[in-house]
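This note is intended to accompany the model shown below. Please read each point with the structure open.

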Amino acid sequence: MSMLVTKLDHIWITLTLRLARPPATATPKVQLSTLPPEPVIPSKKPFKVELLGGKRYSWCTCGYSKKQPFCDGAHKLKAQGLSPLRFVPETDSTAWLCGCKYTNNPPYCDGTHKQDFIISATLHKETES
Ligand code: FES
């Protein structure tokens, strides 16, 4: 609380200012970080898919999609700040698309799923959505 004395139209007035403080047990209602959310892990193995050359695909980066490894729009509600990776293969091909969402060569599996931080991580279940 603080006091402020000011002159308004030649009349001196005194204002008392109080800062609204949340209760000590209240949790902040704003996200303090500007970092995008971390993806969840829908699979600890890659998905083998047949890709068509010239077709546009959207690979899920958040892990919440129920159409793995492709995007179903779930990021809009569950992982704002993440968006799908769009890609167009040049030719028809068989590919192993990352299922853990931590590859360093998205959308393709690079073996990252064999690292300890993925092996020991909790697998996201659709019921947790
Ligand atoms: S499944 Fe993600 S790197 Fe292999």
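1. The record and its spans. The UniProt entry, which is unreviewed, lists residues 44-81 and 82-119 under that name. UniProt positions are given here in the numbering of this model, feature names are shortened, and annotations may be inferred rather than shown by experiment. Over residues 44-81 the chain is 11% helix and 21% strand, with end C-alpha atoms 23 Å apart. For residues 82-119 the values are 11% helix, 21% strand and 23 Å between the end C-alpha atoms.

2. Basis of the model. The model is predicted: local features need pLDDT of at least 70, side-chain atom pairs count only at pLDDT 80 or more, and totals for chains, interfaces and linings use all residues. Residues are numbered from 1 along each chain as its sequence is written, and side-chain values use heavy atoms, with hydrogens and water left out.

3. Overall fold. The protein chain has two helices and six strands, in the order β-β-β-β-α-β-β-α along the sequence. Helices (H or I, at least four residues) and strands (E, at least two) are DSSP runs, numbered from the N terminus. Of the 129 residues, 32% are buried; buried means under 20% relative accessible area, exposed over 50%, and partly exposed in between (1.4 Å probe, protein chains only). Among contacts (heavy atoms within 4.5 Å) between residues at least 6 apart in sequence, 56% join residues at least 24 apart.

4. Nonpolar cores. A nonpolar core is a set of buried Ala, Val, Leu, Ile, Met, Phe, Trp, Tyr and Cys residues joined through side-chain atoms within 4.5 Å. The largest has 12 residues, among them Ile41, Tyr57, Trp59, Phe70, Phe87 and Cys98. Strand 3 (47-51), strand 4 (57-59) and strand 6 (93-97) each give two or more residues to this core. Apart from it lies another core, of seven residues, including Cys60, Cys62, Tyr64 and Leu82.

5. Strand 4. Leaving aside residues up to four places away in sequence, Tyr57 touches Glu50, Leu51, Leu52, Phe70, Leu85, Arg86, Phe87 and Pro89. Ser58 also lies in strand 4, and its side chain makes a polar contact with the side chain of Arg86 (3.4 Å). A polar contact is a pair of N or O atoms within 3.5 Å; within protein, one must be able to donate a hydrogen and the other to accept it, and residues adjacent in sequence count only if both atoms are side-chain atoms.

6. Gln68. This residue is in the loop between strand 4 and helix 1 (75-78). Is Gln68 buried or exposed? Gln68 counts as buried because its relative accessible area is 18%. Its side chain makes a polar contact with the side chain of Lys101 (2.9 Å), and a polar atom of that Gln68 side chain lies 3.1 Å from the backbone oxygen of Ser65.

7. Cysteines. Cys60 is in the loop between strand 4 and helix 1 and is buried, with a relative accessible area of 2%. Beyond its neighbours within four places in sequence, Cys60 is in contact with Ser65, Gln68, Pro69, Phe70, Cys71 and Lys101. A search of the whole structure finds zero disulfides, a disulfide being a pair of cysteine sulfur atoms within 2.5 Å.
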